[in-house]
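The topics run from the overall picture to single residues.

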Amino acid sequence: MAGALPAGATDVWVDHWDYENVDVHVMDDTISYGTRSTGRWFKVSTKLVQDGQLQQVVD
């Protein structure tokens with residue numbers, strides 16, 4: 001694949017809630033992690049999409 005540009009996903013589909021017709025996506029570019037005095041931590045944002053429209057972003 002000479003000359004191909006690098007690609008990456010920023011939204012990864014993880015689930016579909018049939019009862020609400022909602023798709024859940026992890027926003028890959030929001031994943032962060034680290035260590036504090038209280039221990040390790042991580043953060044990721046997800047978005048809820050219903051009928052192709054963004055409904056909510058949840059951290």
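A residue is called buried if its relative accessible area is under 20%, exposed if it is over 50%, and partly exposed in between, with a 1.4 Å probe and protein chains only. This is a predicted model, in which local features need pLDDT of at least 70 and side-chain atom pairs count only at pLDDT 80 or more, while totals for chains, interfaces and linings use all residues. Residues are numbered from 1 along each chain as its sequence is written, and side-chain values use heavy atoms, with hydrogens and water left out.

**Overall composition**

- The protein holds 0 helices and 4 strands, where helices (H or I, at least four residues) and strands (E, at least two) are DSSP runs numbered from the N terminus.
- Along the sequence these elements give the pattern β-β-β-β.
- Of the 59 residues, 15% count as buried.
- The accessible surface, calculated by the Shrake-Rupley method with a 1.4 Å probe and, for residues, with only the protein chains shown as cover, comes to about 5000 Å², and carbon and sulfur atoms account for 53% of that area.
- Taking contact to mean heavy atoms within 4.5 Å, 19% of the contacts between residues at least 6 apart in sequence join residues at least 24 apart.

**The sheet**

- The 4 strands make up an open sheet with the order β1-β2-β3-β4 and antiparallel pairing, two strands being paired if DSSP finds at least two bridges between them.
- Its edge strands are β1 (11–17) and β4, each of which pairs on one side only.
- Neighbouring strands of this sheet are turned by 30 degrees against each other on average, direction ignored; the axes are lines fitted to C-alpha atoms, for helices over the stretch in contact, and angles run from 0 to 180 degrees between N-to-C directions.
- Strand β2 (residues 22–36) pairs with β3 in the antiparallel sense over 11 bridges, and Val22 stands opposite Gln50 in β3.
- Strand β3 (residues 39–50) is joined to strand β4 (residues 53–58) by 5 bridges, and the two run antiparallel.
- The hairpin of β3 and β4 has 2 residues between the strands, and in this hairpin Asp51 takes a positive phi near 50 degrees.

**Two buried strand residues**

- His25 lies in strand β2 and counts as buried because its relative accessible area is 17%.
- Apart from neighbours within four places in sequence, His25 is in contact with Asp11, Val12, Trp13, Val14, Ser45, Thr46, Lys47 and Val49.
- Thr46 is placed in strand β3, and its relative accessibility is 18%, so Thr46 also counts as buried.
- The bridge partner of Thr46 in β4 is Val58.
- When residues up to four places away in sequence are not counted, Thr46 touches Val24, His25, Val26, Met27, Gln56, Val57 and Val58.
- Thr46 and Val12 are 34 residues apart in sequence, and their C-alpha atoms are 9.2 Å apart in space.

**Aromatic pair**

- Rings of Phe, Tyr and Trp (its six-membered ring) pair if their centres lie within 6.5 Å, and planes under 30 degrees apart count as stacked, over 60 as edge-to-face and the rest as tilted.
- By this rule the count comes to 1 aromatic pair.
- That pair is formed by Trp17 and Tyr19 and is stacked, with 6.4 Å from centre to centre and 5 degrees between the planes.
- Trp17 counts as partly exposed because its relative accessibility is 26%, whereas Tyr19 counts as exposed at 66% relative accessibility.
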